[in-house]
Every structure is written in C-alpha cells, then in structure tokens.
Amino acid sequence: MALRALLRPITAATTRSNKMTSTPVTGLIRKQPSSDMAAFREVFKNAKHVVALTGAGISAESGVPTFRGAGGFWRRYNAQDIATPGAFLANPSLVWEFYSYRRDLVLSKKPNPAHIALAESEKRLADDGRRLVVITQNIDELHKDAGTKNLYELHGTLFKTRCTKCGSINENRDSPICPALAGKGSPDPDAEDARVEEGELPMFFCYRCKKCTGLLRPHVVWFGESLDPDVLMNAQKELDSCDLCLVIGTSSVVYPAAMFAPEVGARGVPVAEFNIESTSGTENFGFHFEGPCGSTLPKALHP
C-alpha cells in the first residue's frame, strides 16, 4: 500500500498531555510586552535560576530547516507525515532516507551566536552560584556543540539510534549512517525513493544491537508518541523552580512544550520571548524582543 495512503496528518484532534502535537496556544491577553532591553538585563542580572526554552527558530539561524509551515516538505512529502511511527512501519527505508538527509545536513552546521550566548551564560552563572538550563525541542545537538551542559532534549536527538526490538540506545554520528544510505536522501521533489531493503538499513551495517538484531530507528519523538517521562519530569522540576524563563525561537504550537512558558508566567515569574516575529503567546509574556535570536539574545545576556 502506498505510504501516502497509510499516513494521516497530525491535527488538533491528536491530543496528548505528554505527546507531541501541533496546535495553536491561546490564553488570556495581557498588556503589551515590554521591549526594554535595559529592564530585561536588570531582571536577568538578579535571576538565580534561568530556564531557556528553545525551538526550531534558533537553529534556523544556523541553516537548519524547520520543516514547518510552507517549508515543511521533504521531496513531495509533508515532513510531519514522515515523522510518525506509522510511516516507519509502512516504509522504514523512506523514513531513514529523510533522517539520513537531516543528519548529514546538521553535521555541516555550526552553533550560531544565540547558542553560544546561552552556553557562555550557563558557565558564567554557574561560577556565580546561579543556574541556567536549556530545555529544547530541537534534535540537532547544536546546543551541545556550543558547550551547553544543563540540557534537556524533549524530542530526542538525530544522533542516537534505538533498537525497535529491545530498546537499546546508542550514540551515532556516522555519515552515512549505513552504506546503503550513502548519497541518498536528496530533498529534490523529483528524487526517486531509495527503496533500501530492511536488512541493509541501520541494523547490520552500523551499530548492531548487542542484545538482538532488531531494526534501528532514530531516537527521536515522533508525532503520536509520548515524551520520555524522565526527561519531562526533570524539565518540569526546572520550570517549577525557575525565577526567569526565556522563550527562544519557538512559535509555541507543539504540546506539551507550548504550555511551559504560560504556566511559568502564571506563577508571576518573568517570561521573555526572543523571536523573529510575534507569536500567538507574545501578548502573554512580560518581554518580547523581535528579530534574529543571534542578534537579540547575545545583547540581552551579555555581562
């Protein structure tokens, strides 16, 4: 059966309290947020526990495609349709082509000034007995590459694999991830699917599972799957105890992360948004700094 016939787009009806869904966030409208950089810097200077929530926008400035909105297609497929358990079950070759392309692309990218500003601030605050934590929806590891240590990756990472039989997880930054995928994964709409046999996919050629010979899959959270409960619990603990929240490069439409900042703000904690444009949550935040995160964030966090 054709892959398209097996896939269904994710809609607001696909709800889950700890599952990744795409839905606009709404809430009470407050007064217009401030863009006073000096006022924000004063708040940041006095904060003891800062949580930074980051999304696709911060990595887009490093040249990583967001695969959302008008640009959310790989070849002729909606990227959100490929990032599902059903797609992998129906056509693991096609899904691995997509992720092989994304892995190779990200390996060619570098952290931008926004990533670096967060990593440097984390170290500087730690030296002063304070704490900065990054909770990211991104799977590209650019925060790690920039030097961030206090990091929670809500949606997993491109550079780990998980055995579909025993659940064994391994780091893997090989390019290509297996010989059969070398040169495959072109996003060209006219590119032909590789149709790699299952036995040639990441399983026998790369990081063979030490406990079984199961097919490997990307260690990422797909639409329709639950977030890792331990990661979610630890992220929530950070949010519950922070005294400043930064919302960076995210449009706040993917749950449950979309509710993190509003919940923090409801406690009376200052929330500052850094984004290329206003979002559906902007009016609910205390600060909003519009423009490239690589320009606004370093200025905001610089000592």
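Reply: Asp240 is partly exposed, with a relative accessible area of 49%, where partly exposed lies between buried (under 20%) and exposed (over 50%), for a 1.4 Å probe and protein chains only. The model is predicted, so local features need pLDDT of at least 70 and side-chain atom pairs count only at pLDDT 80 or more, whereas totals for chains, interfaces and linings use all residues. Residues are numbered from 1 along each chain as its sequence is written, and side-chain values use heavy atoms, leaving out hydrogens and water.

Asp240 belongs to helix H9, residues 229-241; helices (H or I, at least four residues) and strands (E, at least two) are DSSP runs numbered from the N terminus. Although Asp240 and Arg267 are 27 residues apart along the chain, 8.9 Å separates their C-alpha atoms.

Strand E2, residues 49-54, is largely enclosed by the rest of the structure, because six of its six residues are buried. The cover extends to both faces, with His49, Val51 and Leu53 buried on one side and Val50, Ala52 and Thr54 buried on the other. E2 pairs with strand E5 (residues 131-136) in the parallel sense over six bridges, pairing requiring that DSSP find at least two bridges between two strands, and here Val50 stands opposite Leu132. E2 also runs parallel to strand E10 (residues 244-248), to which five bridges join it, and in E10 Leu246 stands opposite Ala52.
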